[in-house]
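Hi everyone, and thanks for making the time this morning.

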Amino acid sequence: MEDMLLLKLGEIVLKGLNRRQFEMKLMANINRRLKAYGTFRTYCIQSTVYVEPENADFDMDGALEAARCIFGIASISRAAACEKDKDAIVETARRYLADSFRSARSFKVESRRSDKRFPMTSIQLSQYVGGLLSEAFPDVPVDVHDPDLTVFVEVRDLAAYVHGPAIPGAGGMPVGSNGRAVSLLSGGIDSPVSTYMIAKRGISIYPVHFFSFPYTSELAKQKVVDLAGILTRYCGRMNVIVVPFTHIQEEIREKCPEEYFTLIMRRFMMRIAEKLAEMHNARALVTGENLGQVASQTMEAMACTQAPIRLPVLQPLIGMDKEEIVTMARKIGTFETSILPYEDCCTVFTPRHPKTKPIPEEVERAESVLDIASLVEEAVAGIERIRVGE
Ligand code: ATP
Ligand code: MG
């Protein structure tokens with residue numbers, strides 16, 4: 001009896017002519033992410049990806065956990081494959097689902113057959129399998145209306161498959177199928193979530209972190225690398241780009257009015273991120289900004305922050321409540337790392353009275369004493385790349 005996974009495709013099935021490209025991206029992502037758990041044969045037929053171990057040395061629990069994080073998959077069934085024969089199906093269900101039967105109060109069988117040459121109709125097959133299973137598990141009655149356990153039987157092209165209820169997949173679209181974006185990744189709670197949300201739409205991500213050594217420590221940098229590492233479960237392998245930001249911050253502190261520190265600093269982040277985006281063919285920036293959360297996230301401040309650049313800034317958290325963001329951070333596994341106490345560069349020179357309604361011309365005037373172009377160039381020249389993920 002073969003333990004395997006059936007992955008049902010999500011939104012890709014709505015795609016028309018370029019559907020094949022989406023599928024190929026998804027297959028490549030699946031193959032890469034499952035590699036650590038064994039050697040699998042994977043193929044896609046009619047909106048389902050089949051994942052079958054090629055030898056006895058595999059970790060199906062690990063493969064299942066990994067598959068749950070791959071964007072483009074709507075649902076996952078861990079299944080047993082068997083011969084397309086009614087008695088083989090019964091025997092497989094009896095053995096494979098024995099544990100589920102032990103705890104179930106009632107059950108029903110639901111059959112589907114895409115192989116129309118199979119000699120029984122779906123209803124006949126369900127009745128046959130259900131009858132024999134209720135003999136095998138006499139304590140578990142059949143309940144076709146509200147069963148505790150549904151046994152699924154699928155008769156497909158190459159084999160029959162038996163499984164219990166499917167679990168939800170990560171949804172979204174395959175990473176890499178919709179282009180690239182540069183995501184500004186701090187060590188906070190928000191930006192890992194915003195990165196996740198944009199990756200979910202099929203975007204491959206370049207995380208960028210602005211690092212102010214020695215004002216922020218090596219530990220703060222490591223925290224961001226760790227967060228990126230957690231995100232690779234969803235985003236796949238990435239290169240974290242670490243930008244040296246100390247000189248810029250010191251220049252701002254020395255030469256600009258305090259009330260504009262944060263805004264001017266954020267405008268530098270945007271300019272540098274845009275340059276990096278150009279270098280990597282990325283079409284947008286991503287931030288974890290959230291309307292009204294802090295002084296730099298009013299509508300006026302965000303307009304000011306984005307004014308120096310042309311690329312769109314995607315802010316997927318813009319309308320969420322903090323609590324919703326935290327719930328999501330917990331779900332994707334970044335929360336515990338995000339709340340480690342290392343400071344971010346934004347908190348290093350925080351003005352006592354930041355402008356919440358800045359006037360763009362005033363900010364421009366305030367920063368005009370700086371040699372913006374050469375500071376940006378210097379920062380870009382000093383980047384470090386750290387590879388995370390498979
Ligand atoms: P987060 O929880 O993501 O740190 P935040 O609520 O602390 O967000 P800000 O500090 O105002 O908000 O930063 C807004 C956004 O700017 C962040 O979500 C992130 O996208 C980006 N950002 C802030 N600091 C950095 C940094 N040091 N490196 C990279 N991006 C940063
Ligand atoms: Mg922050």
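Let's begin with strands S2, residues 40–45, and S3, residues 48–53, which pair in the antiparallel sense over six bridges. A word on terms: two strands pair if DSSP finds at least two bridges between them, and helices (H or I, at least four residues) and strands (E, at least two) are DSSP runs, numbered from the N terminus. Thr42 has Val51 in S3 as its bridge partner. Two residues separate S2 from S3 in this hairpin, and Gln46 in the turn has a positive phi of about 45°.

Before going further, please keep in mind that this is a predicted model: local features need pLDDT of at least 70, side-chain atom pairs count only at pLDDT 80 or more, and totals for chains, interfaces and linings use all residues. Residues are numbered from 1 along each chain as its sequence is written, chains are lettered from A and ligands numbered from 1 in the order in which they are written, and side-chain values use heavy atoms, with hydrogens and water left out.

Now to the open sheet. Its six strands run in the order S13-S12-S9-S10-S11-S14, with mixed pairing. Which strands stand at the edges? They are S13 (313–314) and S14 (384–388); each has a single partner strand, so one side of each is left without a neighbour in the sheet. S13 pairs with S12, residues 285–286, in the parallel sense over two bridges. There, Leu285 stands opposite Val313 in S13.

Next, ligand 1. Of the 22 residues around ligand 1, the ones that come nearest are Leu184, Ser186, Asp190, Ser191 and Gln293; here, near means that a heavy atom of the residue lies within 4 Å. Several distances involve an oxygen atom of the ligand: a polar side-chain atom of Ser186 lies 2.4 Å from one, a backbone N or O atom of Ser191 lies 2.7 Å from one, and an N or O atom in the side chain of Gln293 is 2.6 Å from one. The protein covers 90% of the 570 Å² of accessible area that ligand 1 has on its own (Shrake-Rupley method, 1.4 Å probe; for residues, only the protein chains shown count as cover).

Which elements supply at least two residues each to this shell? Helix H6 (190–200), strand S10 (204–211) and helix H9 (261–279) do, and S10 gives the most, with three residues.

On to the aromatic rings. Rings of Phe, Tyr and Trp (its six-membered ring) pair if their centres lie within 6.5 Å; planes under 30 degrees apart count as stacked, over 60 as edge-to-face and the rest as tilted. The whole structure holds 10 aromatic pairs. Elsewhere, ring pairs link Tyr43, Tyr50 and Tyr161 into a cluster.

Ser177 sits in the loop between strand S8 (167–171) and strand S9 (180–184), and at 18% relative accessibility Ser177 counts as buried. Arg95 lies in helix H3, residues 86–96, and counts as partly exposed at 47% relative accessibility.

Note on methods:
A polar contact is a pair of N or O atoms within 3.5 Å; within protein, one must be able to donate a hydrogen and the other to accept it, and residues adjacent in sequence count only if both atoms are side-chain atoms. Buried means under 20% relative accessible area, exposed over 50%, partly exposed in between (1.4 Å probe, protein chains only).
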